[in-house]
Amino acid sequence: MLVEPVALSDFFLSFFSAAMIILTAVVYTALYTWAKIKTHTGFYLGAWLAYATLLICVGIFSVVNHFTGYWLLLSLTMAVGYAFMPQFIWRLCVATHADESEHSHQSGGHHD
Amino acid sequence: MTLQAYQEKAAVCVAGCKQRYAALQANPYLSGGQKLAVHYFTVAMVLFMAQLLFGLLAGLQFIFPSFLYEILDFNVNRMVHINAMVVWMLYGFIGSVYWFLEEESGVPIVGLKWGQLAFWVLTGAVSIVVLVYLLIQIGSGDDTSLWLINEGREYIEAPRWADIGIVVVILIFFYNVAATFSAGKWSGIAGVLTLDLVALAGLYTAGMFYVTNISIDQYWWWWVIHLWVEATWEVLVGCIMAWSLMKLLGVRRQVVQTWLYIEVALMFGSGILGLGHHYFWIGTPEYWFTIGGFFSALEPIPLVAMVVHSIYDSGVHRFKNSNHPALAWVIAHAFGNFLGAGVWGFMHTLPQINLYTHGTQWSASHGHLAFFGAYATINIAFFYLAVQQARGNVWMGSELINGWRWKTAAILLNLGVLGMTVALLIAGYEQSFIERAVEGSTWAGYFAAQNHPWFMQAMIWRMVFGLMTAVGGGLLFWDLLEIGKGEDRPAAVIGDAATAE
Amino acid sequence: MTEQVPRWASETFWKKTAIWVTGGSFVLLVILTFDSMSQITAGGSRVQAYSVINKDVSYRFDKAKQRYQPVIGGDAPLFGKLLSEEEAEKLVDHGKKTVQAKNCMNCHTILGNGAYYAPDLTKAWLDQGWGAKASREELMINFLLDPEKNARTFGSNRKMPNLDITKPEAEAIVAFLKWMSTIDTNGFPHNFTAIGEED
């Protein structure tokens, strides 16, 4: 069988850990980005703390949702994905804005 | 008041509307497309008010079941509530596109007359559909009812004749967009927008036929609902946002367009197969567990991307902007979308828990915050951009005349929707617990959950916050009619005329 | 102007990526749709042929699959009339149209989708609220014809309004509900004790 439903006693944990996964992912992302802008170690520390919380939440979520086999791959994807996605998107942000400082008007310039 | 007094009041009202309409047609600050857009925005706001009103009526029936019993039953109120929402959002989107079409393409709209005709046809059709919903309500179990009264499929209840009308109107809209860009110049935003409109119209036809088999019926029904709301609408809003950000924050076109493509890749990449999370329990095969679960877990990724980017922008540009109300609503969009679609979505989406939450107030809780956060907010932001220009591109920064009004409206609307969402969350939690898990979803179990004090109290709190939302909505309408009047400071200039580039 | 932007962050790169991701996802969805359609066509193992309304239906926990499953039993023709596949389809079809025309889905949920003001109809045919199998058909018809008088509010005061349902429509709705209760919904609803399975 593919899925084993959450036990009645674990409902709250399931909802709560799921919500916390998304929330900590965003807190981690925000702190990480902020740390990059401010180059401040304090924010990095906060970011990694948030990520550590995220990992715990993914763990709890996987246990109460009875993840086995394929579903554990999903946990792994979340743990790894949420770790690297913000970093990748940060680099993308810097790169796409690369020529911002020396940007000048180009008459009739039209990008497509 | 006597009848005569009422008549006089009505006459004053009509005269006022006529005067406003004449002023709109003569507005020197607006192009032809923008005047058409204002038409759409006006109807959108009226429908928004209808959504709030019928939402309140339906909510009251949870508390007082005999309220309007057999006059306007719950199913009628609820149908008007959700249909008004879908249609006002579409009106907002169409209006927004007409608003920037000429500026973006560099030429006047090719078929403006057709666009105007389509507006009146659509508005007439919507009025007839709503009147039939309210006055005739239901028919006998045959094709005539489905063609003329209502199709009885949640969100796309519009009778078949109206479906055909909607497709025709969307095609006219599509023609105007594609032909105008062809006559002028194409851009990245133009390309994404045009292709997205093809998908939007095409997907609607997936909901336009009748089948006996309820599993097949719901399979295609979700194509329309999910692929509109979680894919094509998102990209449409992405286009509108892209243009607005150039306007509002002065972000450069190349950056905006690159990010539009990135968002398209992320949203379609997660959203199209995210459809799978609606295919757990309707008779469809088990592999949808795997697909739906996986892509649901990916759906928050575009939100992560938005967080990084908005913090990056705020660090670099420090939110310098020319329109405070619009920016406030864009920020509300960021938070609402993240909480409503991201957190509320993921909490109950995997099959292991969805088995218990599917078809409970959980969905209502998620739906309220997600639709508001993802779409209502962005439409309202655009209305403020439009009204700024309509009033002569006036100042909309700090210390606005009657600035309390837009702030109060924004606070009431956001708090109201958030409050309803939390109330419905508590109701849904209790329902999934008692009705689903303990009582095994029997009818007795359903009512045991509905009669539970947690549920009853949640419905009262939902009503309180619903009223708050409605007051905020009314205030917003009033503010849009008045803001910027008597303002003689010109708008702040941001960026370096980036949109013209 | 794009010299300084690395290729992997350029507009053209992401344009192509967007097109490929969208196209790829959509093609995959179309392939899956073909497969799903073939599996949920009436007459298969997941969605039964319409003539299943001639049979006894129940819903039990399946030990092998570890979830609840519809169980099709011996002959138990609806309203005592054995129908051919064609007749059964016509009846269920009429029921489905009535369910749409009466806008049931904006109070009830069907397969869990709809509004949340009234109970789910997925297993309505199997609900214990009908008391015993013998009197079920009559109770359902009476209820549909005059829901106000035969109200089953379970203490909630929420009553179904009179929807001007005719006798043939009521019978068709019951047929539709019976047929729908045989769909394999992957174990939804869970923990549901069907009528006649109370021990």
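What percentage of the 112 residues in chain A do buried residues make up? The share is 36%, a residue being buried if 20 or more other C-beta atoms lie within 10 Å of its own, exposed if 12 or fewer, and partly exposed in between, with C-beta atoms placed from the backbone. The structure is a predicted model, in which local features need pLDDT of at least 70 and side-chain atom pairs count only at pLDDT 80 or more, while totals for chains, interfaces and linings use all residues. Residues are numbered from 1 along each chain as its sequence is written, and chains are lettered from A and ligands numbered from 1 in the order in which they are written.

Chain A has 3 helices and 0 strands (DSSP runs of H or I with at least four residues, and of E with at least two, numbered from the N terminus). Of the contacts in chain A between residues at least 6 apart in sequence, 64% join residues at least 24 apart; a contact requires C-beta atoms, placed from the backbone, within 7 Å.

In chain C, helix 4 (residues 167-180) is largely enclosed by the rest of the structure, because 11 of its 14 residues are buried. Among the buried residues are Ile173(C), Phe176(C) and Trp179(C). Their cover includes helix 8 (214-249) of chain B, as well as strand 1 (55-62), helix 2 (85-101) and helix 3 (133-145) of chain C.

Ser156(C) lies in the loop between helix 3 and helix 4 of chain C. This residue counts as partly exposed because it has 17 C-beta neighbours inside 10 Å. Beyond its neighbours within four places in sequence, Ser156(C) is in contact with Pro65(B), Phe447(B), Gln450(B) and Asn451(B).

Technical notes:
Contact = placed C-beta atoms within 7 Å.
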